[in-house]
Amino acid sequence: FINENGRNDGILYGLADNMNRTPYETAMNWEKDLESSDSLLLDDLSIIRERDPAWYCSLVSYGIQSIVLYAVRCQQELVAFIWAANFDTSKIMQIKETLGLTAFLIAAVIANHNLLSQLEEKSSIDALTQVNNRNAMNELLNLYVTGEKHLPDVLGIAFADLNGLKTVNDDEGHEAGDKLLIRASALLKIVFADYDIYRSGGDEFVILCPDITEEKLDELVVRLKTMAENSGDVSFAVGTSFCAGDYDIYKVMQNADERMYRDKREYYRTHPEKDRRKRKEQ
């Protein structure tokens with residue numbers, strides 16, 4: 001609520017409290033008061049008294065005698081209201097035009113904000129698995145390297161590579177492979193719920209775990225592998241690295257990556273039927 005004294009939340013909550021409503025509930029009721037119109041322009045409150053007696057009594061208690069209310073819609077969706085009270089009734093048409101234009105501009109700003117948010121999300125979120133994508137990871141690493149963002153004093157890194165994805169793609173098709181990736185990412189989200197997960201490649205994920213202990217990192221990896229084994233079709237090769245104090249984040253990531261590949265080679269040694277390269281040689 002803004003008046004000649006600036007923002008006044010006291011009046012906002014007072015108006016709502018008089019109706020035993022929250023400000024949000026008050027605004028939601030306005031849509032009913034509009035009765036399918038986008039605006040309500042009144043030089044007296046008799047219509048409000050009929051449509052919403054509680055709101056009428058609250059307005060009167062604050063000395064409000066006239067009101068203009070506009071719904072702000074963005075692509076037909078109600079996103080906001082703008083209203084003015086005790087206006088100069090001799091300038092009713094100018095006020096209507098001004099608030100109508102203002103509502104349009106607010107809707108345009110909101111639409112632009114939503115579009116930019118969607119573009120930002122697409123640039124940082126992997127569409128299939130809904131975890132962070134490689135672009136988001138590279139941006140974060142760049143901030144660390146340039147010093148724009150302070151490296152965590154303690155950091156655990158896990159590389160998790162989904163075993164057998166290429167075999168599933170070859171034998172059952174990419175749709176089956178996509179479903180396997182979704183199930184795999186779901187397990188990662190459960191186990192590493194408190195940390196940032198990135199899909200860095202087709203079947204590879206990177207998890208950055210700041211302020212974690214080495215023991216907890218190991219526990220999470222064991223939990224991930226146990227859950228994967230019980231899933232029936234998900235299997236991860238995992239490599240981790242833990243660092244504290246002064247460290248090179250790229251070297252730490254390289255160490256985790258190398259350990260992951262050792263784990264992956266062991267997996268294919270014990271599951272040769274999953275190794276696409278050996279199958280081709282046969």
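Residues are classed as buried under 20% relative accessible area, as exposed over 50% and as partly exposed in between (1.4 Å probe, protein chains only). The structure is a predicted model, in which local features need pLDDT of at least 70 and side-chain atom pairs count only at pLDDT 80 or more, while totals for chains, interfaces and linings use all residues. Residues are numbered from 1 along each chain as its sequence is written, and side-chain values use heavy atoms, with hydrogens and water left out.

The secondary structure of the chain comprises 11 helices and 10 strands, taken as DSSP runs (helices, H or I, at least four residues; strands, E, at least two) and numbered from the N terminus. The radius of gyration is 29 Å, whereas a compact globule of 282 residues would have a value near 19 Å; the radius is taken over C-alpha atoms, and the globule rule is 2.2 Å times the number of residues to the power 0.38. The C-alpha trace spans about 90 × 45 × 30 Å along its principal axes. Of the 282 residues, 40% are buried. Contact denotes heavy atoms within 4.5 Å; of the contacts with a separation of 6 or more, 58% are between residues 24 or more positions apart.

In soluble globular proteins, nonpolar side chains tend to be buried together. A nonpolar core is defined here as a set of buried Ala, Val, Leu, Ile, Met, Phe, Trp, Tyr and Cys residues joined through side-chain atoms within 4.5 Å. The largest such core has 28 residues, of which Leu162, Leu188, Phe192, Ile207, Leu224, Val234 and Phe236 touch the most other members. At least two residues of this core come from each of strand 7 (154-162), helix 7 (165-172), helix 8 (174-191), strand 9 (204-210), helix 9 (214-231) and strand 10 (236-244). Helix 8 gives the most, with seven residues. With residues up to four places away in sequence not counted, the contacts of Ile207 include Gly156, Leu188, Phe192 and Tyr195. A second, separate core of 20 residues includes Ala136, Val206, Cys243 and Ile249.

A salt bridge is a side-chain nitrogen of Lys or Arg within 4 Å of a carboxyl oxygen of Asp or Glu, and the whole structure contains 12 of them. One joins the side chains of Arg183 and Asp233 (2.7 Å, N to O). Arg183 belongs to helix 8 and Asp233 to the loop between helix 9 and strand 10, so this pair ties together parts that are 50 residues apart in sequence. Arg183 is partly exposed at 37% relative accessible area, and Asp233 is partly exposed at 35%. Ser235 is found in the loop between helix 9 and strand 10 and counts as buried at 17% relative accessibility; among the residues that Ser235 touches are Asp161, Leu162 and Tyr267.

A further salt bridge links the side chains of Lys225 and Asp263 (2.5 Å, N to O). Lys225 lies in helix 9 and Asp263 in helix 10 (residues 249-270), so the pair connects parts that are 38 residues apart in sequence. Lys225 is partly exposed, at 25% relative accessible area. Arg7 and Asp9 also form a salt bridge through their side chains (3.0 Å, N to O); Arg7 is exposed at 67% relative accessibility, and Asp9 is partly exposed at 30%. Glu31, Asp38 and Arg73 are linked in a network of salt bridges.
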